[in-house]
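Please look over this model with me.

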Amino acid sequence: MALWRIRVAVDDRPGELARIVQVMADHGGNVVGLSIHTDAVGAVDEFIVDVPGSHHRMLADLAERSRDGDVLAVPAAPRDVGDDVTRALLLTARLRSAPNQLPEALRGLLGADDARWTNLGKPVPDFPEEPESVLLVPVGPLRAVRLHRMDRPFTWTESARADALVRSVLPPTGPAPTRGSVITHRGTELFVWQVGPEDADALQRLHRRSSAETKRRRYFSGINELSPRLLNVFCDRERGLTLAARPMSGGEPVALAHLMYTMDPGVGEIAFLVEDIWQGNGIGTCLARVLTAIAADWGLAEVRAETIPDNQPMQRIMRRLGATLSPPRDGTVQARLPVAGTTPSRRPGRLMTLLTQTGAPGTAELQQ
């Protein structure tokens, strides 16, 4: 018997994981570890498998089940068999007494071959290998840990794990704030807050003021007003987060931004609606940055947005943030944005560059 770490890109549909595991079982493989990742290619399942004899035929059969026909396998060690959460918590506990050991902890967390301190903003040719084999983890405005791993690329999920470990040893700043002021890149200042049931009437009025085209771009179909069910979804904090924005001078909300949980591990879904007369002021981009920072604070690895092909403003927003857009499929375009590392500053008191309101939780030094 031999231990192997095997990665397979799987289709996101019911029963696909069971089919992959069945292939392993057919070859006598015993799955002793499983981790589900998100990455540029989509969902990636990583198994630790105890395999009797040669593993080559099993890999060939797995490749036939893989979404892209590719399977990655590297030898694993008995120490790799264990609970990832327990391992991460132990590393966090050790770092509290020796934070200078952060590179070594990150190397242990992700199984990297090398880890070293480096400077941000100035390329250092530490590792000449493929970019996917290098992960840069910001630790402050000027410093980072540079990780290298030869045998398999780093995933977006692993980047989020590294980000979380770094934040666990920085001075506490509280959760990412969801109430305060923001300033768009066009200079529009808004007050933003998380909506609740008490905001239902105001949200309904916002939709009634919005044109049919604005609502079609948001909901992919013509609606006159929000149904009670949809209003409940927006106001239900168990389903995710909905932010509303209004002028600093007061008045009705002029925009909504949603960050919703999905059934895909480490993936959130975002969407926006901006009242017609307020469009073109950078509000969508500003709220998208806020949601992305909150997603990082939640530990998400990726945010996705689905829109219709002719919604060019939404597509420009996502491209501006660095998202990858898929070709139109079934009448929609999907934008996928990795979350970890998208907030450039990690200095104490400024982990999430969101809000500027004095006294808001965690906003001692925040600037938009």
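The numbered points below go from the whole chain to its helices, pockets and loops.

1. **Ground rules.** This is a predicted model, where local features need pLDDT of at least 70, side-chain atom pairs count only at pLDDT 80 or more, and totals for chains, interfaces and linings use all residues. Residues are numbered from 1 along each chain as its sequence is written, and side-chain values use heavy atoms, with hydrogens and water left out.

2. **The whole protein.** The protein has ten helices and 15 strands. Both are DSSP runs, numbered from the N terminus: helices are H or I with at least four residues, strands are E with at least two. Of its 368 residues, 49% count as buried. Buried means under 20% relative accessible area, exposed means over 50%, and partly exposed is in between (1.4 Å probe, protein chains only). Take the contacts (heavy atoms within 4.5 Å) with a separation of 6 or more: residues 24 or more positions apart account for 64% of them.

3. **Helix 1.** Which residues of helix 1 are buried? In this helix, residues 16-26, they are Glu-16, Ile-20, Val-23 and Met-24. Seen down the helix axis, they fall within an arc of 100 degrees, so they line one face of helix 1. The arc is that of the directions from the helix axis to the C-beta atoms. Here is the background: an α-helix has 3.6 residues a turn, so residues three or four places apart point the same way. Exposed Ala-18 and Asp-26 sit on the face turned away from the buried side.

4. **Partners of helix 1.** The buried residues of helix 1 pack against strand 1 (2-9), strand 2 (30-39), strand 3 (42-51) and helix 2 (56-65). After helix 1 comes Gly-28, with a positive phi near 80 degrees.

5. **Helices 6 and 8.** Helix 6 (200-209) has the buried residues Ala-200, Ala-202, Leu-203, Gln-204, Leu-206 and His-207. Their cover includes helix 7, helix 8, strand 11 and strand 12 (267-274). In helix 8, the buried residues are Leu-230, Leu-231, Val-233, Phe-234 and Cys-235. Helix 6, helix 7, strand 10 (240-247) and strand 11 (255-261) are among what covers them.

6. **The largest pocket.** How much space lies in the largest pocket? About 1,100 Å³. The search uses a 1 Å grid over the protein atoms alone; a pocket is an open set of points where a 1.4 Å probe fits, with protein on both sides within 12 Å along at least five of seven lines, and lining residues have an atom within 4 Å of a point. Points are joined across faces, edges and corners, and the volume is the space filled by probe spheres set on them. The lining has 43 residues, with Arg-5, Asp-84, Arg-87, Leu-109 and Arg-161 nearest the centre. They divide into 20 nonpolar, ten polar and 13 charged. Nonpolar covers Ala, Val, Leu, Ile, Met, Phe, Trp, Tyr, Cys and Pro; charged covers Asp, Glu, Lys and Arg; the others, Gly among them, are polar. Elements that each supply at least two lining residues include helix 3 (84-97), helix 4 (102-110) and helix 5 (156-169).

7. **The second largest pocket.** This one has a volume of about 900 Å³. It is lined by 33 residues, and nearest its centre lie Asp-11, Asp-12, Ala-43, Asp-264 and Arg-304. Helix 1, strand 2 and strand 13 (302-307) are among the elements giving two or more of them. The lining has 13 nonpolar, eight polar and twelve charged residues. Why does the pocket lie between domain 1 and domain 3? Domain 1 (2-80) and domain 3 (179-338) both give residues to its lining, so it lies between them. The domain bounds come from an automatic or database domain assignment.

8. **Positive phi.** Most residues other than glycine have a negative phi, and most peptide bonds are trans. Phe-220 is not a glycine, yet its phi is positive, about 70 degrees. Phe-220 lies in the loop between helix 7 (212-219) and helix 8 (228-235), and is partly exposed at 34% relative accessible area. Asp-330, also not a glycine, has a positive phi of about 55 degrees. Asp-330 is in the loop between strand 14 and strand 15, and is exposed at 76%.
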